[in-house]
Amino acid sequence: MTVKKTDRRTQILQSLAQMLESSPGARITTAALAKQVGVSEAALYRHFPSKAKMFEGLIEFIEETIFSRINLILHEENQVNARLHMILSLVLGFAEQNPGMCRLLTGDVLAGETERLRTRICQLFDRIETQLKQVIREADLKEGLKPVAGVAANAELLIAIIEGKVRQYVRSEFKNKPTAMWADQWNAIAKNLMVSR
């Protein structure tokens, strides 16, 4: 039985993600990836014209997963602090469940790769930050709350927390879980994000 083209593409991306997880700090070569998948390097290139395109495939997966779920949160939850908590928890939970993807999110694995990939990761975090700003701006209209440090400063702080916890996860070789102690940390953060007008 032959594997369909789309299934092989998925298999390649899953193998790449698994290698990113199992070899923290290691550079991924197409030769090693081909061996992991059980195909020749030439077969890899029939599905992806370059290693950069493989990384792009993983970044697309991250974007689709995170932003489709953020849209659900925004649709289903109205309370501002709950929205912020759920968005941050979503990203941290995604990172914890997909350790290999964290090496992409931190840029760890992108050293020596095309600038386009690093730009794409920056844009992903910018989109999350923009979403957080929108939620924070709505706090005044919906609940009469204003951000203690201002919209931009609060959103930047929340992004820094996400990035820091993901980076710590990668640095610990996936031992320090991003969601560890998160409930207590969020309670401390939430108390200082908004004040009543």
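Residues are numbered from 1 along each chain as its sequence is written, and side-chain values use heavy atoms, with hydrogens and water left out. Because the model is predicted, local features require pLDDT of at least 70 and side-chain atom pairs count only at pLDDT 80 or more, whereas totals for chains, interfaces and linings use all residues.

The protein contains nine helices and two strands; these are DSSP runs numbered from the N terminus, with helices being H or I of at least four residues and strands E of at least two. From the N terminus on, the order of elements is α-α-α-α-α-α-α-β-α-α-β. Taken along the principal axes, the box filled by the C-alpha atoms is roughly 65 × 30 × 30 Å. Of the 197 residues, 47% are buried (under 20% relative accessible area, with exposed over 50% and partly exposed in between, for a 1.4 Å probe and protein chains only). Among contacts (heavy atoms within 4.5 Å) between residues at least 6 apart in sequence, 71% join residues at least 24 apart.

Buried positions in α8 are Asn-154, Ala-155, Leu-158, Ile-159, Ile-161, Ile-162, Lys-165, Val-166, Tyr-169 and Val-170. An α-helix has 3.6 residues a turn, so residues three or four places apart point the same way. The cover over the buried residues of α8 includes α5 (80–97), α6 (99–105), α7 (115–143), β1 (145–147) and α9 (182–190). Glu-173, which follows α8, has a positive phi, near 55°.

A search of the whole structure returned zero disulfides, a disulfide being a pair of cysteine sulfur atoms within 2.5 Å. The sulfur of Cys-102 has its closest cysteine sulfur, that of Cys-122, 16 Å away, which is too far for a bond. Cys-122 is likewise in no disulfide. Cys-102 counts as buried because its relative accessibility is 0%, whereas Cys-122, at 47%, counts as partly exposed.

The largest pocket holds about 360 Å³ of space. A pocket is an open set of points on a 1 Å grid over the protein atoms alone, with protein on both sides within 12 Å along at least five of seven lines, and lining residues have an atom within 4 Å of a point. The volume is the space filled by probe spheres set on the points, which are joined across faces, edges and corners. Of the 21 lining residues, Leu-13, Gly-57, Leu-58, Phe-61 and Met-101 are the closest to the pocket centre. Helices α1 (5–22), α4 (51–76) and α6 each supply at least two residues of this lining. The lining divides into eight nonpolar, seven polar and six charged residues, where Ala, Val, Leu, Ile, Met, Phe, Trp, Tyr, Cys and Pro count as nonpolar, Asp, Glu, Lys and Arg as charged, and the others, Gly among them, as polar.

Lys-51 belongs to helix α4 and counts as buried because its relative accessibility is 13%. Beyond its neighbours within four places in sequence, Lys-51 contacts Arg-27, Ile-28, Thr-30, Tyr-45 and Glu-113. Ala-188 lies in helix α9 and, at 43% relative accessibility, counts as partly exposed. The C-alpha atoms of Ala-188 and Leu-44 are separated by 48 Å, the two residues being 144 residues apart along the chain.

Definitions and conventions. On a 1 Å grid over the protein atoms alone, a cavity is a set of points where a 1.4 Å probe fits but cannot get out, and a pocket is an open set with protein on both sides within 12 Å along at least five of seven lines; lining residues have an atom within 4 Å of a point.
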